[in-house]
Amino acid sequence: MKNKLEDVKSDMRQKILRATARVINSKGVLALTLESVAKEAKISKGGLLYHFGSKDELMQCMNDFFMQKFINNVEHVANADPCNFGKWTRAYTNNTFSQLDNEFEMNAALLAAVATSPDLVKSTAGYLKTLQDRIENDQMSPIVSTVIRLAVDGMYYNQLLGMNLGKELREQVSEYLISLTREEIR
């Protein structure tokens, strides 16, 4: 069980990571500095450095925080699903669509940060490989489950790039993709 100091530290780290996302979204990843993040988080630069020793560490932690949260959510939903057939693909689909509504700012910042760093590309790919392995072994055709994942990823990037299809169409696409996880396609 975490003590209060660890909770405060974790809350402060999340506050700093969200401030990082706001700076990236408002000024661009190339304008990201420790000073700009400290100012946005309303803390001193020393306070920021207590939690993150460098800009690279800050960006890596933002990536790790976001990706681990996403994976934990997918695992939670998949493990709670009473139907084993397609549960990982359904969980990935539902969580990805949910991220667009609930974590748009963090998603957009992460996309920008990853685009500028080969290390973050590699790190993000590692996280997503874990989910792809589960999706491929989801008791359904690995081709169908992968095509669904690729469609979900396409919708994700489509939305992040500002090509909003509208809520109704997006919900219909999501429902259709989920329906494909409930029956074997031959």
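Start at the largest pocket: 17 residues line it, and Met67, Thr124, Leu128, Tyr156 and Tyr157 lie nearest its centre. This is a predicted model, where local features need pLDDT of at least 70, side-chain atom pairs count only at pLDDT 80 or more, and totals for chains, interfaces and linings use all residues. Residues are numbered from 1 along each chain as its sequence is written, and side-chain values use heavy atoms, with hydrogens and water left out.

**Stop 1: the pocket**

The pocket has a volume of about 320 Å³. A pocket here is an open set of points on a 1 Å grid over the protein atoms alone, where a 1.4 Å probe fits, with protein on both sides within 12 Å along at least five of seven lines; lining residues have an atom within 4 Å of a point. The volume is the space filled by probe spheres set on the points, with grid points joined across faces, edges and corners.

Now colour the lining by class. Twelve residues are nonpolar, four are polar and one is charged. Ala, Val, Leu, Ile, Met, Phe, Trp, Tyr, Cys and Pro count as nonpolar, Asp, Glu, Lys and Arg as charged, and the others, Gly among them, as polar.

Which helices supply at least two residues each of the lining? They are H4 (55–80), H5 (87–102), H6 (104–115), H7 (118–136) and H8 (142–160). Helices are DSSP runs of H or I with at least four residues, strands are runs of E with at least two, and both are numbered from the N terminus.

**Stop 2: Leu128**

Select Leu128 in helix H7. Its relative accessibility is 29%, so Leu128 counts as partly exposed. Buried means under 20% relative accessible area, exposed over 50%, and partly exposed in between, with a 1.4 Å probe and protein chains only. Leaving aside neighbours within four places in sequence, Leu128 is in contact with Met67 and Tyr92. Contact means heavy atoms within 4.5 Å.

**Stop 3: Asp64**

Go to helix H4 and pick Asp64. Asp64 is partly exposed, at a relative accessible area of 25%. Beyond four places in sequence, Asp64 touches Ser123 and Tyr127. Ala91 is 27 residues from Asp64 along the chain, and their C-alpha atoms are separated by 20 Å.

**Stop 4: the nonpolar core**

Next, select Ile16, Val37, Leu48 and Met62. These have the most contacts inside the largest nonpolar core, which has 50 residues. H4 gives the most to this core, with ten residues. Such a core is a set of buried Ala, Val, Leu, Ile, Met, Phe, Trp, Tyr and Cys residues joined through side-chain atoms within 4.5 Å.

Centre on Leu48. Not counting residues up to four places away in sequence, Leu48 touches Ile16, Leu34, Val37, Ala38 and Ile43.

**Stop 5: helix H2 and Ser36**

Leu34, Val37 and Ala38 are among the buried residues of H2, together with Ser36 and Ala41. Pick Ser36, in H2 (residues 34–41). Is Ser36 buried or exposed? Ser36 counts as buried, because its relative accessibility is 12%. A polar atom of the Ser36 side chain lies 2.8 Å from the backbone oxygen of Thr33. Beyond four places in sequence, Ser36 touches Val23, Lys27 and Ala31.

**Stop 6: two positive phi angles**

Step on to Lys42, in the loop between H2 and helix H3 (45–51). Lys42 has a positive phi of about 60 degrees although it is not a glycine. Lys42 counts as exposed, at 72% relative accessibility.

Then jump to Gln139, in the loop between H7 and H8. Phi of Gln139 is near 65 degrees, a positive value in a residue other than glycine. Gln139 is exposed, with a relative accessible area of 54%.

**Stop 7: Arg170**

Select Arg170 in helix H9. Arg170 is buried, because its relative accessible area is 10%. Show its contacts outside four places in sequence: Phe97, Leu100, Asp101, Met155 and Gln159.

**Last stop: the whole chain**

Zoom out. The chain has nine helices and zero strands. Its C-alpha atoms fill a box of roughly 60 × 40 × 30 Å along the principal axes. Of the 186 residues, 44% count as buried. Among contacts between residues at least 6 apart in sequence, 71% join residues at least 24 apart.

Methods: A polar contact is a pair of N or O atoms within 3.5 Å; within protein, one must be able to donate a hydrogen and the other to accept it, and residues adjacent in sequence count only if both atoms are side-chain atoms.
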